[in-house]
Amino acid sequence: MTLLTVKDLTKIFGGLIAVNDVSFDVAKDSVVGLIGPNGAGKTTVFNCITGNYRPEQGVIEFKGADITGMAPNRIVKMGVARTFQSIRLFPRMSALENVLAGRHCRLKSGFLACMLHTPAQRREEKAAIERCMDELEFVGLSHLYADMGGALAYGQQRLLEIARALASDPELLILDEPAGGMNDQETAGLVELISRIRERGVTILLIEHDMRLVMKVCQKLIALEHGALIAQGDAETVRNNPDVITAYLGVDDEKW
Amino acid sequence: MEQFFQQLFNGLAVGGIYALVALGYTMVYGVLKLINFAHGDLFTIGSYLGLTMLVSWNLSGLLPPFLGMLVVFVMVSLFVALIGWALERAAYRPLRNASRLSAVVSALGASIFFENAIMLVYGARVYVYPDFLRPDFVLNIFGVAIPAMRIIVITVTVALMFGLWGFIQRTKMGAAIRAVALDQGAARLMGINVDRVISLVFLIGPALGGAAGLLIGVYYGQIDFTMGWNYGLKAFTAAILGGIGNIPGAMLGGFLLGVTEAFAAAYIAVAWKDAVAFLALILILIIRPTGILGERTADKL
Amino acid sequence: MKRRVFSIVLAGVICVLPLFCNPYWTDVCVSVGLFALLSLSLNVMLGQAGIFNMGHAAFFAVGAYAAAILNTVCQWPIFLTMIPAGIAAGVFALAVARPIIHLRGDYLLVVTIGIVEIVRIALINDVFGLTGGANGIFNISRPSLFGVKIYKGWQFYYLVWGVTAVSMLLFYGLWRSRFGRALNCIKEDDIAAEGCGINVVGYKLAAFSLGAFWAGMAGAIYASKMVTIAPESFNFSESVLLFAAVILSGGSQLGVLCSVFLFFGLPEVLREFSDARMLIFGLAMMAMMIWRPQGLLPPLPRRYRVAAAAGDGKK
């Protein structure tokens, strides 16, 4: 079953075509990788899906509903959560509060309930804290729940961002370079974490430069170059596609 | 028709003064991405310093009138430039790497500081520029009587703008300013001394602002210590109108705002004159925040 | 802990202060209380959500004028006008904020300055023929509570500080809920907040209208205290003072109270320096941003009770 469909997506920045007529599908319960050299337009595709950019052309459908140009927060509520390439935590809020922020859109207490701390509000808050502690546990950060987001180590910050995204009950999780800045050991942990996320029934779409990680976790790959799609299909085929190899050669060949 | 041309020239004269102040906002914004809220008060300092030199030091009496004015003009610009330079060193440079809003708050603090410093030094009353400075003859242009003062102000402001434009476009230092405005990091890598460029901008902008302060004193004849906010906001509106960070934009915006205001005062109501300018500001920010000449840039996520 | 002791002492002092004050000083304390209420309402948007509003006096003015008009034209008792005054200010804030709320901090600041100036000019020009032009509105009646007419200084003192205390409690509840967290997230990083599913525009508008609502209620109290209101009481420098007080406070309610005493109480005590107070505040704003950008008393991190299983990692 198709969870996400991107059709004829085009995004232009002041005359520069960042993404040119890209189409692909993401099937439910799969892990899909978006690859390509720097500046290929991968993050721009992500930002169009998450509603941060409004594409000039094309349609994005999630679970059959058109989400093109919808506000980012509404897209999260529909079940698409994301992490950022340049980590965007709330640095002066605790790890737990960062995850609670991700839980926010699933909480229902209204303005007056919040002001007066009604019993229903307290119950909801308590349940939310438990759920968010579970998410911290899931990524292995529960012992740091009271630490400020900005005080965590780099790899931990990436994990915290994933926990924050998971707290919003996503069906599709979009990870922008999750292994960026991680050491080998942390990357190995991330591979294992991604498979555990998938076991929860969350579909994953990720951008990653570390090809070893990509080949370990992704079933399907989509390759972009200069904003255009050059190959898509199962991981092994795309990896051996001559166009993809040419696109990467001389740019980043040591990563292969 | 007579009134139309009268108001047009009045608007152009005031607009030229706005444009001079707007240049200071726009240049600082260009290199630091900071709204220098204290700039309006530097303008006020210019008009007070000018008054002191003209009246207390009697510079206009000691020298022949034209030469005296010229000396005062240069000295005011120099003094205000030095204050601007010191302001950057004390209040903005320590915050270069802090969040942008910290610098904005610091700028507000500087503005409050300057305004009250002027009040403490000069007292909280309105000052009047000596009358004899204003040439009272009237030029007859195509049958329309235009006071010479307006023509002089327009000429001086346009001359200063052309001077600045030449400096920015033709000299090596001007190129360095343009480079820093485009990309500070890259400019530094190309061997440009960014700190020196920023200091230079904080000399030029306030110098023009101080000169504008002197002109407004001569033109309207009346100054008070709170006027920096009002003219500052108008000039800032002009800078936004033309596209902040854009030098020709500030000039265009200044003239446009001055003329709009003059016409609004003449044809709508004088009492709403200031409201028109602020309404214009709000509308531009809603409809086209990049201004007339500004270019749209994508937010980097 | 130290803060808790300090708040209790402060609350105690505020409770008994009028017993030791002559009418003049009681009056000063009433104004300080009004400014505290106003600063707390500005803190909702500026301190908690990071919305740079420098035109708070505009909402204060709308509330005061709404109360004054309802009282003098429609003969409503002033207490009944408090909520409508708040609503008037809140709706006005919502209407003006809707198109500008997405603007960046520094732009928003300039636009709100424009709004406060436009409001003042509109009041002077007697819009709708209701505001009385430059002279303002006279003969606003004093409030009466349960048949007791409030007109003495100490009565106003307890009225103003009572409202302030209730407001602080309500706001405190808000800060310790998802609402307050959402505002803090927006202050920290609005793009990340949006990416987490927080309706950034909705919450900013909510904070804006809530703060304006409270400022409007403060305006009603002010109108009944002064009996006369005029456009010049709501000028731009009032907004600047409030803005500076909230920025320097750091954003906690206790911090706001402290900076209100510093900004509005201290100059009365040190009369001979009152001319120089703005000079000093200007310097303090610069110095604070350089050496203590988080402000006088930033809010303490919220603490959460978490299940014992995870508690072992607590430091």
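Please note that the model before you is predicted. Which elements of chain A supply at least two residues each? They are strand 6, residues 80-82, and helix 6, residues 154-166. Helix 6 of chain A has the largest share of this lining, with three residues. By class, the second largest cavity is lined by four nonpolar, two polar and three charged residues.

How many cavities of 30 Å³ or more are there? The count is four. The largest cavity holds about 80 Å³ of space. Its lining is made up of Y25(B), I35(B), F37(B), G40(B), D41(B), S111(B), G228(B), W229(B), G232(B), L233(B) and F236(B). The lining of the largest cavity comprises six nonpolar residues, four polar residues and one charged residue.

I turn now from cavities to a pocket. The second largest pocket contains about 1,200 Å³ of space. It has 45 lining residues, and those nearest its centre are E115(B), T226(B), N235(C), F236(C) and S237(C). Helix 10 of chain B, residues 227-242, is again to be named here, as it gives the most to the lining of the second largest pocket, with six residues. Sorted by class, the lining of this pocket has 24 nonpolar, eight polar and 13 charged residues.

The remaining part of my talk concerns helix packing. Two packed helices are described by the angle between their axes and by the distance between the axes.

I begin with helix 1 (residues 2-32) and helix 9 (residues 194-220) of chain B, whose axes come within 9 Å and cross at roughly 160°. Angles over 145 degrees count as roughly antiparallel, and therefore helix 1 of chain B is roughly antiparallel to helix 9 of chain B. The crossing of these two helices is left-handed. On the side of helix 1 of chain B, the contact includes N10(B), A13(B), V14(B), I17(B) and L20(B), and continues to V31(B) and L32(B). Among their partners in helix 9 of chain B are I198(B), V201(B), F202(B), L208(B), Y219(B) and Y220(B). This contact between helix 1 and helix 9 of chain B has 20 nonpolar residues, three polar ones and no charged ones.

Helix 9 of chain B also packs against helix 2 of chain B: their axes come within 7 Å and cross at roughly 55°. That angle makes helix 2 of chain B oblique to helix 9 of chain B. Is the crossing left-handed or right-handed? Helix 2 of chain B passes helix 9 of chain B in a right-handed crossing. Helix 2 of chain B contributes H39(B), L42(B), F43(B), G46(B), S47(B), G50(B) and L54(B) to the contact, while helix 9 of chain B contributes residues including G205(B), P206(B), G209(B), G210(B) and G213(B). By class, the contact of helix 2 with helix 9 of chain B has seven nonpolar residues, eight polar residues and no charged residues.

The last pair lies in chain C. The axes of helix 3 (residues 56-72) and helix 4 (residues 78-97) of chain C come within 8 Å and cross at roughly 140°. Helix 3 and helix 4 of chain C are therefore oblique to each other. Their crossing is right-handed. F59(C), V62(C), G63(C), A66(C), A67(C), L70(C) and N71(C) of helix 3 of chain C meet residues of helix 4 of chain C, among them I78(C), T81(C), P84(C), A85(C) and F92(C). In this contact of helix 3 with helix 4 of chain C there are 13 nonpolar, three polar and no charged residues.

Thank you for your attention.

Note on methods:
Residues numbered from 1 in each chain as written. Chains lettered and ligands numbered in written order. Predicted model: local features only at pLDDT ≥ 70, side-chain atom pairs only at ≥ 80, totals over all residues. Heavy atoms only, no water. Axes fitted to C-alpha atoms, helices over the stretch in contact; angles between N-to-C directions. Helix = DSSP H or I, 4+ residues; strand = E, 2+ residues; numbered from the N terminus. Parallel < 35°, antiparallel > 145°, perpendicular 65-115°, else oblique. Left-handed = near helix turned anticlockwise from the far one by under 90°. Contact = heavy atoms within 4.5 Å. Nonpolar A, V, L, I, M, F, W, Y, C, P; charged D, E, K, R; others polar. 1 Å grid on protein atoms, 1.4 Å probe; cavity = no way out; pocket = protein on both sides within 12 Å on 5 of 7 lines; lining within 4 Å. Points joined across faces, edges and corners; volume = space filled by probe spheres on them.
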